[in-house]
Structure formats: C-alpha cells, structure tokens
Amino acid sequence: MWMMKIFALSVLLIVEAAVDKKKTVAVKKPAAEAPTESKLSKQAVALADKSAGLAFSLYQTIAKDKKVENILLSPVVVASSLGLVSLGGQASTAAQAKAILSVDKLSDDHIHSGLAELINEVSNSTARNVTWKIGNRLYGPSSTSFSDDFVKNSKKHYNYEHSKINFRDKRSALKSINEWASLTTDGKLAEVTSDVEKTDGALIVNAMFFKPHWEERFHHQMVDNRGFMVTRSFTVSVPMMHRTGMRGYHPIIC
C-alpha cells in the first residue's frame, strides 16, 4: 500500500516577530478575565508526554548532523503526522508508526481523538493570545485513490487536505506544493521545498505560521541599543526593549 512508502515529513515553523514595525502607542487595557483552562483527557495528556519525548529524541538525532542549523520542531505536528500514517496504513505500517510514538497500548480511537484534542488545544488562539495557522496536506501519486473513510477521518482528526500529484514532473510538483504552502501561511512561506524525489509513495507536508501577541505593545521609541555582556571583558551593542512605569506589587513576608 502507498502508505508504506511515506518518504518525507516536512515540519515547517514560521515565527514572526511580535514587535510591530508601525508606530504604535501602548495603551493599558483593563485586565481581561483569564480564559477557563480546558481539561485534557487522560489519553491527550499521555500523548502530549509521548509527543514531547519523541520531539526531543528527534532533535538530538538531527543535531548530530553538523551541517544542519536552526532546527525547529513542533511535537504536536510530528505526532499528528504519525497518527495520520497509523490511520491510513496497513497493519505493519500502522504498528511501526505507533511504536515510534510509543503508544502501542492505546486504542486507535484514543490515539486519534487524543491527538485531535491536542491540536485543538495548541491552536486555540483566543485562549493563548496568538495567531496560529497550520496547513496539512497529503500528496499522493496520480495513480492513487484515497478511500472515502480515510479522507473523512483524516479531515476529522487531523484537518488534512488531500491532493494527487505527478511526482515525476518535478517542476510542476514543486510549484503546486510551494503555492499551497504560501497560500496557507498568508505568503510568509514562499518556498517549502526546493526538491521533490520521484516516488511511488506519498508526501506529508505541514506548513505552520505562529505569531505571539504582546498584551501591551512596545512603542518603537522603547527600543534602543544597549550593552550586552558576552563575557566579563567583551560587550556588544544590541537593540533592547525596555519600559518604565508604575507596577503594582505584593510584599511577601518570609
């Protein structure tokens, strides 16, 4: 089955600086009520731990390659991609995906519903005061037919889109993938890949845009160059943000 030949996993993270380049005035707003903290299910908590462990292990493996720099990983995206593989794979492929994620003892329903819960939790932009957009697409060969159940469930649990592509026409394949990634990230990611191998398998592509927001914006005049001590005898000048103002405090008597 084509799922046995998944040959690439692209996890891309675009982080935009939180400082707005336009002139803005910091206006202190009344503190908003803290959002109600959602309670994750037991399987979601277990999957969160497994996802973090896998991400650290994957990071350490990639970091051994001295040619690789600026490694960025999203544990939830990596885990959900493996969840997709287990959802569409046959017995041996699904078992391998579960083994990598260390969730052999969890039922399929708990795996897929738990990962879906994690995705919804991290993408809750209202509760986290962030802009978080993620696009997921599974590209299959032109000769592939996706089953209706797989399309339905992968959309339900992992919000995946599906597309057929001619991997043998490299130029057309690259154009299609990069245009999709650019559209998904509002133009922030113009190129997700510069090469596509000819394959009879499938390609999982994840494109993510993440932008945190300040509770109170910094005015552009609150940024200036200041000394940063690298060592006791070496200082460099770097732009730093600073703010002076009245802040409430509560004394603690120990």
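A nonpolar core is a set of buried Ala, Val, Leu, Ile, Met, Phe, Trp, Tyr and Cys residues joined through side-chain atoms within 4.5 Å. The model shown here is predicted.

**Cores**

The largest nonpolar core holds 23 residues, and L101, L115, L138 and Y158 have the most contacts inside it. Two or more of its residues come from each of α1 (42–63), α2 (75–88), α3 (91–101), α4 (108–122), α6 (148–158) and β4 (202–212). The largest share, six residues, is given by α2. Another core lies apart from this one; it has 14 residues, including L174, W180, A181 and V192.

| Core | Residues in core | Residues named |
|---|---|---|
| Largest | 23 residues | L101, L115, L138, Y158 |
| Another | 14 residues | L174, W180, A181, V192 |

**Cavities**

What lines the largest cavity? Its lining consists of V76, V77, S80, I119, W132, I134, N136, Y158 and Y160. Of these residues, seven are nonpolar, two are polar and none is charged. Both α2 and β2 (130–141) supply at least two residues of this lining.

**Confidence**

The mean pLDDT of the chain is 81, with 84% of residues at 70 or more. Among the elements, α6 has the highest mean pLDDT (94), and strand β1 (residues 6–15) has the lowest (37). Across residues 1–32 the pLDDT is below 50, and this stretch has 74 contacts in the model beyond near neighbours in sequence.

How values were computed. Residues numbered from 1 in each chain as written. Predicted model: local features only at pLDDT ≥ 70, side-chain atom pairs only at ≥ 80, totals over all residues. Heavy atoms only, no water. Buried < 20%, exposed > 50% of the residue type's maximum accessible area, 1.4 Å probe, protein only. Helix = DSSP H or I, 4+ residues; strand = E, 2+ residues; numbered from the N terminus. 1 Å grid on protein atoms, 1.4 Å probe; cavity = no way out; pocket = protein on both sides within 12 Å on 5 of 7 lines; lining within 4 Å. Nonpolar A, V, L, I, M, F, W, Y, C, P; charged D, E, K, R; others polar. pLDDT = per-residue confidence, 0-100. Contact = heavy atoms within 4.5 Å.
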